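These notebook entries record what I looked up in the structure shown below.

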Amino acid sequence: QLLKLGIYLTWGELVLLIPFFATLVAGLLYATVSLSVAGTGRVARFALIASLLLAQRNSLVSFLLGMPVDRTMFYHKLAGRLTGVTGLMHTAAFFFDPKFREANSDLLLSGAFSGRVNVSGSVMSILLFGIAVSSSSSIRRKFHEAFLFLHQFFVVGMVVGAFFHSGKLVPVLAGLTWGVDCFIRKIIMAQLLNPKKA
């Protein structure tokens, strides 16, 4: 058992950490050794998807791994930080990838705000910064309602931006996970299992 080794993780959580570690390593490799805008983008997309999958109260991931919601939220925060780090790697690769710079040498900084893909990526970076600031522990504790509203607002913006930046995968997964969570909480739990009149 892991507790006997001084490791306070379940086997499911340990399995969950493997893709987190692999994502970080892949991001570092794509951002340094073989500089690639596309490679860092795939890594950042994976981290964003992991963050969305772990954000739900009734997550399929937490059900399969047998984790309570408070532990799932720990991994949601970890995935969010990983999204921020890999997003920064993707942004750096955008500016430093020699292939990209050669093809867009006349754009430099303005390239981040030209074309649908680049504009949506830049907006996502700004929203990600907003998520990071509004999710800080001091804001989260003192202004919890504002944190929840801003968090959801920024995430919806990120999902819309992801559609314009990289296609349908992130919006479809976000819609499915959020939709299933809402269905379980609002329909099954609130109306069928525990119906109450105000």
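**Entry 1: helix α2.** I noted that α2 is mostly covered, with 12 of its 17 residues buried; buried means under 20% relative accessible area, exposed over 50%, and partly exposed in between (1.4 Å probe, protein chains only). I listed the buried positions as V37, G39, T40, G41, V43, A44, A47, L48, I49, A50, S51 and L52. The model is predicted: local features need pLDDT of at least 70, side-chain atom pairs count only at pLDDT 80 or more, and totals for chains, interfaces and linings use all residues. Residues are numbered from 1 along each chain as its sequence is written, and side-chain values use heavy atoms, with hydrogens and water left out.

I then checked the length of α2 (residues 37–53): at 1.5 Å a residue its 17 residues should span 24 Å, and the end C-alpha atoms are 24 Å apart, which agrees. The expected span is 1.5 Å times one less than the number of residues.

**Entry 2: the whole chain.** I recorded nine helices and zero strands; helices (H or I, at least four residues) and strands (E, at least two) are DSSP runs, numbered from the N terminus. Buried residues make up 32% of the 198 residues. Of the contacts (heavy atoms within 4.5 Å) with a separation of 6 or more, 65% join residues 24 or more positions apart.

**Entry 3: α1 against α4.** I found that the axes of α1 (residues 11–33) and α4 (residues 69–96) come within 10 Å and cross at roughly 10 degrees. Axes are lines fitted to C-alpha atoms, for helices over the stretch in contact, and angles run from 0 to 180 degrees between N-to-C directions. The crossing angle therefore makes α1 roughly parallel to α4, a term for angles under 35 degrees. From α1, E13, L16, L17, F20, T23, L24, G27, L28 and A31 meet R71, Y75, L78, A79, L82, V85, T86 and M89 of α4.

At 23% relative accessibility, G167 counts as partly exposed. I also noted 9.8 Å between the C-alpha atoms of G167 and V117, 50 residues apart along the chain.

Key
Parallel < 35°, antiparallel > 145°, perpendicular 65-115°, else oblique.
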